[in-house]
Amino acid sequence: MPPIEVGAPRAIGAVSAEIARKSGADINPPAAAVPASATAAPSAAANAKPAVATNATLDPGEAPINTDRVAQIRKAVESGNYPLVPARIADAMIAAGMFLRSGNA
């Protein structure tokens, strides 16, 4: 098997469809070969939100956050009255990472 040679890295940018279709096209075309539309700033139409039909049954609604409890815990942490156990925090973070990697999430 021949050795694999890797060349110098090149910047990757938008490619014009015309340039991509040409057989044997230069990988880094001169600036004159790139249409102005490929380098121009996005237009207002490109920044507009796409028209997507939404369904109310798929809306998850508000997140179930008890803001009063969050404020109570925040106040306890700030005053030093909330028991922070680093080992339990680390265990929970490791368990969450394992749960996310298992595909059950």
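Begin with the whole chain shown as a surface: its accessible area (Shrake-Rupley method, 1.4 Å probe, with only the protein chains shown counting as cover for residues) is about 10,000 Å², and carbon and sulfur atoms account for 60% of it. This is a predicted model, in which local features need pLDDT of at least 70 and side-chain atom pairs count only at pLDDT 80 or more, while totals for chains, interfaces and linings use all residues. Residues are numbered from 1 along each chain as its sequence is written, and side-chain values use heavy atoms, with hydrogens and water left out.

Colour the chain by pLDDT, the predictor's confidence in each residue from 0 to 100. The chain average is 73, and 52% of the residues score at least 70. Select residues 36-39, helix H2, where confidence is lowest at a mean of 52. Where pLDDT is low, the predicted coordinates should not be read in detail.

Move to residues 67-79, helix H4, where confidence is highest, at 93. From first C-alpha to last, the 13 residues of H4 reach 18 Å, close to the expected 18 Å (1.5 Å times one less than the number of residues). Glycine 80 follows H4 with a positive phi near 85°.

Now select residues 86-102, helix H5, and find isoleucine 89 within it. Is isoleucine 89 buried, partly exposed or exposed? Its relative accessible area is 40%, so isoleucine 89 is partly exposed (buried is under 20%, exposed over 50%, partly exposed in between, with a 1.4 Å probe and protein chains only).

Terms used. Helix = DSSP H or I, 4+ residues; strand = E, 2+ residues; numbered from the N terminus.
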